Amino acid sequence: MDPRDLRQAFAANLRRLRHAKGISQEDLAYSADVNRSYVSKLEKGASYPGLEILVKLANVLGVEAADLLKAEPGDSAPDS
């Protein structure tokens with residue numbers, strides 16, 4: 001998998017899970033002890049999260065860290 005695809009899958013999953021839980025970016029950031037603007041960048045796919053941040057966000061969202069990295073069917077471009 002291309003790293004850009006992984007970053008976009010993470011961004012989409014983070015947004016989807018946060019919305020499903022009804023949590024604002026600010027509340028997620030506060031609970032995970034990260035900056036709100038950083039959460040925004042992650043959700044836009046503009047930044048790569050470190051492993052510690054990945055785990056913190058997953059814990060707040062109540063999912064496994066791996067769930068944040070799973071590509072949904074149709075999320076990635078077909079292999080050339």
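Keep one definition handy: a salt bridge is a side-chain nitrogen of Lys or Arg within 4 Å of a carboxyl oxygen of Asp or Glu. This is a predicted model, so local features need pLDDT of at least 70 and side-chain atom pairs count only at pLDDT 80 or more, while totals for chains, interfaces and linings use all residues. Residues are numbered from 1 along each chain as its sequence is written, and side-chain values use heavy atoms, with hydrogens and water left out.

**Salt bridges**

Start with Asp67 and Lys70: they form a salt bridge, with the closest N and O atoms 3.0 Å apart.

Helices are DSSP runs (H or I, at least four residues), numbered from the N terminus.

**The core**

Next, show Phe10, Leu14, Leu28, Leu57, Leu61 and Leu68: these have the most contacts inside the largest nonpolar core, which has 17 residues. Such a core is a set of buried Ala, Val, Leu, Ile, Met, Phe, Trp, Tyr and Cys residues joined through side-chain atoms within 4.5 Å. H1, H2, H3 (36-44) and H4 (51-61) each give two or more residues to this core, and H4 provides the largest share, five.

Now centre on Leu57. Beyond its neighbours within four places in sequence, it is in contact (heavy atoms within 4.5 Å) with Phe10, Leu14, Leu28, Ala32, Leu42 and Leu68.

**H2 against H4**

Show H2 and H4 together. Their axes, lines fitted to C-alpha atoms over the stretch in contact, are 9 Å apart, and the helices pack at about 115° (angles run from 0 to 180 degrees between N-to-C directions). From H2, Leu28, Ser31 and Ala32 meet Lys56, Leu57, Val60 and Leu61 of H4.

**Confidence**

Finally, colour by pLDDT, the predictor's confidence in each residue, from 0 to 100. The chain mean is 89, and 89% of residues reach 70 or more. Over residues 75-80 pLDDT stays under 50, and the model has one contact there beyond four places in sequence.

Terms used. Buried < 20%, exposed > 50% of the residue type's maximum accessible area, 1.4 Å probe, protein only.
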